[in-house]
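Please keep the sequence and the 3D view at hand while reading.

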Amino acid sequence: MKINLMYNYSLANPIMYINNNKIYIYNNYEKYLLQEINNYEELKEISTLITSNKLESHYYNIIKTNNNELTMKYNNKEYVLLKISNYNCIIKKIELNNNSILNRSNWYYLWIKKNDYIISIREKIIKENPKVDGIIDYYIGMAENSIEYLKVNMDIGASRNIYTSSKRYSDINNPINIVLDCRERLFAEKIKVQLFEQKKFFQAEYILNLIRKYELNVNRVYARLLYPTFFFDIIDNNLKIKQISEITKKTILYENILKELNLLLKENYKIKKIDWL
């Protein structure tokens with residue numbers, strides 16, 4: 001790998017180390033991230049999006065090879081080299097191309113597809129990790145609730161106002177995570193990350209005040225808060241029982257916040273009542 005890096009990027013003396021399953025590289029006091037790419041077409045569109053909208057100063061820089069390629073091949077895998085800097089990521093409104101493969105704004109159909117997938121691998125997960133039996137059904141049900149809420153409280157179709165967003169709020173400066181979605185996505189995911197990863201606590205009234213301050217769609221925010229991204233991410237990144245245990249401990253607290261927020265929404269907005277809330 002080191003020789004390939006020196007050849008493809010003219011790195012003088014790359015020093016590699018792995019942290020949380022990520023490959024980091026130091027070279028001449030500069031830090032890089034080497035990331036495996038599973039969808040080259042997405043990477044091409046991301047690169048074009050960054051350039052055409054002048055977003056280079058808001059994400060880790062995608063470093064092209066000496067042959068002007070986006071990726072380097074190694075052991076039949078493709079990798080992209082990202083130069084890490086302390087950039088401030090921004091959310092920018094985008095004129096959406098209907099054929100964009102980065103579009104993630106149609107939550108209703110995406111969530112149904114995701115839930116069907118989780119259900120299809122449920123038995124396999126339980127067989128490999130018996131301790132998640134029962135737990136996985138709870139989060140499948142939580143996802144079904146978010147789908148139902150989205151269905152009865154707003155237009156099922158995709159959002160019309162689209163912005164640059166991220167698959168993972170906790171890794172928002174990584175351009176490989178860029179997707180196109182409505183503003184409510186990042187807002188809700190930030191709340192979940194701060195609660196489950198950063199151990200911050202929020203009162204429901206505080207969340208409602210932020211929704212008003214940023215003039216967000218209350219139903220989209222609430223549906224996104226209901227959707228258990230935090231659990232499905234663990235499944236996508238190789239199930240770890242310790243992580244599930246930590247999340248499960250906080251779920252009751254989170255559920256109470258959601259119930260309080262739902263009461264506030266009913267008092268302040270015209271939303272359709274759902275029995276389980």
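Two strands are said to pair if DSSP finds at least two bridges between them. The model discussed here is predicted.

**Strands around β6**

Strand β6 covers residues 77-83.

| Strand | Residues | Bridges to β6 | Direction |
|---|---|---|---|
| β3 | residues 30-37 | 6 bridges | antiparallel |
| β4 | residues 61-63 | 3 bridges | antiparallel |
| β5 | residues 72-74 | 3 bridges | antiparallel |

Single residues can be followed across these pairings. Leu 34 has Leu 81 of β6 as its bridge partner, and Leu 81 also stands opposite Ile 63. Tyr 74 is partnered in β6 by Lys 77.

Strands β5 and β6 form a hairpin with 2 residues between the strands. In this hairpin, Asn 75 has a positive phi near 50 degrees.

**Arg 122**

Helix α4 spans residues 122-128 and contains Arg 122. Is Arg 122 buried or exposed? The relative accessible area of Arg 122 is 19%. Buried means under 20%, so Arg 122 counts as buried.

Which residues does Arg 122 touch, leaving aside those up to four places away in sequence? They are Asp 133, Ile 136, Asp 137 and Ile 140. With one of these, Asp 137, the side chain of Arg 122 also makes a side-chain polar contact of 2.6 Å.

Notes
Residues numbered from 1 in each chain as written. Predicted model: local features only at pLDDT ≥ 70, side-chain atom pairs only at ≥ 80, totals over all residues. Heavy atoms only, no water. Helix = DSSP H or I, 4+ residues; strand = E, 2+ residues; numbered from the N terminus. Buried < 20%, exposed > 50% of the residue type's maximum accessible area, 1.4 Å probe, protein only. Polar contact = N/O pair within 3.5 Å; in protein donor to acceptor, adjacent residues only side chain to side chain. Contact = heavy atoms within 4.5 Å.
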